[in-house]
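Please look at the structure first.

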Amino acid sequence: MSAFPLETAARPEGLRRVVIEPVSRVEGHGKVTLLMDEDDHVQQARLHIVEFRAFEKFIQGRPYWEVPVMVQRLCGICPVSHHLAACKALDQVVGATTLTPTAEKLRRLMHYGQILQSHALHFFHLSSPDLLFGFGSDMARRNIVGVAAAHPEIAKQGVLLRKYGQEVIRHTAGKRIHGTGAVPGGVNKSLTAAERDELKKDVYQMVAWSRDAVRLVRRLFEQDLDTYRNFGTFEARTLSLVRADGAMDLYHGGLRAQHADGTTIFDHVNYDHYWEQISEEVKAWSYMKFPYLKALGSEDGWYRVGPLTRVTRSDFIPTPLADRERREFLAFDDGLAARSTLGFHWARMIEMLHSAEAIKDLLHDDDLLGSDLMAGGERQARGVGVIEAPRGTLIHHYRVDENDQVARANLIVSTTHNNHAMNIAIREVAKKYLNGHKLTEGLLNHIEVAVRAFDPCLSCATHAMGKMPLAVELVDAEGTVVDSLVRGSA
Amino acid sequence: MSDQPPVLVIAVGNPSRGDDALGPELAARLEAAALPGVEVITEFQLQVENALDLVGRERVVFVDAGTGTPAPFDLHRAGPAAEFLHTSHAISPEAVLATYEKITGSAAPESWVLCVRGESFELGDALTPAAAGHLEAAWLRLREICALEPAT
């Protein structure tokens, strides 16, 4: 018997199985399965996401200096996060305990560019169709083209914000993709004055549009407060990095874990020995592990990472506009918005605003043009790098042998941290919206809305044509497909 | 008048995932060939901002690996079309074209999809022999399309 309601049906035999399945392009895939009884009541709801099982094997045996480039090929959507987390871990291996100011600021600039473009893409392209048109609205409108038709300025801003973030990455990483900007111990290039000035030209517009995006999410909450407050909402413990003074810091900090009521589990813990705080549980029904806080055990120790955690559980945001928006978010609806699953979207836009502000500030710092790029020290055999990636805390851990080859690698990606929390969210939605109803595409989309709030990173590094991105099948107790919904192919 | 090269080739794929490297491999050959009037962009996957890369082009060719698609390759015209996805991680050539039209208010340039059949996409694997053969066939066709003569 599972400790978690709806994780495992008491009597699964005879129940109907509904599968919401983004079919794999060429590798693993995520899917949701629902077991329904004869009265259309949900008896079991599970989200399965295939992990990047070959990560470690792919990295092991490589010379350590190749790793920051190789890991970008693990994930096509957040290569910069893997690039920087790997470099942070390998800084320790080369003994660079403190980077030069130029190196750290260039890496931060790259990271904020990544956060900006990722959050812009998620909100404007993926989530805004649901939020602007409604979760159960006509599927034909729920896409970026539908948004562009109804709200052309919003769609255009989304595209240009994304493009700007990519330009920041291109200038700091050296290339549009497969960048090499960060290396163990520092960076291999600084910005030229011309590159800095080119980025400066548009940065104020990016700050303004980011602020508009925060306000847009607020208006969406105001228009349908009950839905936004309650949709898939649950109480969760949290984990994130925070700066020594408690500020939100997406690049570096100590680990902070809190109970749902905000009381401390641990704070400012050095992540060098993260395994003393975090362990991972395997469940037979999922390929993806379930991390938990060791101090609380596997049943009570699950937690949530990502934008909603970072914005609500840091003491302040160190840029003024984002911090003002954070305080308004925390106060809105007596604090309930900041506890809601759809609050992820609001928090994500606050982080986008913070990133735009941070980019603006860095572009006015002459250290970006400096020539002191590398640090070093006594060679170490092991290194751990942790970064707050767009989707949450990302851990890279390497052991390097005497031949400079990676002997062991361990990665815990953001989506893995959120595995249990996402499962809780879909169960909450299933209970509220699907129980007792005949399943429709609109209702099934409610499940996906809950998943999308977390912005999970499915296996995305490969892209090939000829597969359907999403299929939904309703299967009866004998295993016969009685109904199916298939979305357009790529 | 745009100063952009009139032909844009957007090659999509991850060079470390077996036959998904077909797109980047063709892009590398095209860059080495340095054909006049042709710009090459390589991406892990298509995204909304690729719509901005289309501005000022006369012809766009999307090159990608396919699974379960015709061998050695399939070449077809692409037109704008909306799509619905569960993820923000990639969009189709048709959605890029549709996004272009919505944000620029003008018709998308003539666009083609060159889909080269792949067989295996495992992380860390090299091209399969079958895909290597498909690549050779596709390379000849790709050069022809880039010549800006009427493609058929």
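Among contacts in chain B between residues at least 6 apart in sequence, 73% link residues at least 24 apart; a contact means C-beta atoms, placed from the backbone, within 7 Å. For chain A the corresponding share is 70%. This is a predicted model: local features need pLDDT of at least 70, side-chain atom pairs count only at pLDDT 80 or more, and totals for chains, interfaces and linings use all residues. Residues are numbered from 1 along each chain as its sequence is written, while chains are lettered from A and ligands numbered from 1 in the order in which they are written.

**Chain B**
- Chain B has 4 helices and 5 strands (DSSP runs numbered from the N terminus: helices H or I, at least four residues; strands E, at least two).
- Their order along the sequence is β-α-β-α-β-β-α-β-α.
- Of its 152 residues, 54% count as buried (20 or more other C-beta atoms within 10 Å of the residue's own; exposed is 12 or fewer, partly exposed in between; C-beta atoms are placed from the backbone).

**Chain A**
- Chain A contains 15 helices and 16 strands.
- Of its 490 residues, 53% are buried.

**Helix α11 of chain A**
- The buried residues of α11(A) are A:Ala322, A:Asp323, A:Glu325, A:Arg326 and A:Phe329.
- Seen down the axis, these fall within an arc of 160°, so they line one face of the helix (the arc is that of directions from the helix axis to the C-beta atoms).
- On the other side, A:Pro320, A:Arg327 and A:Ala331 are exposed.
- The buried residues of α11(A) pack against α7, α10 and α12 of chain A.

Definitions and conventions: Two residues are in contact if their C-beta atoms, placed from the backbone, lie within 7 Å.
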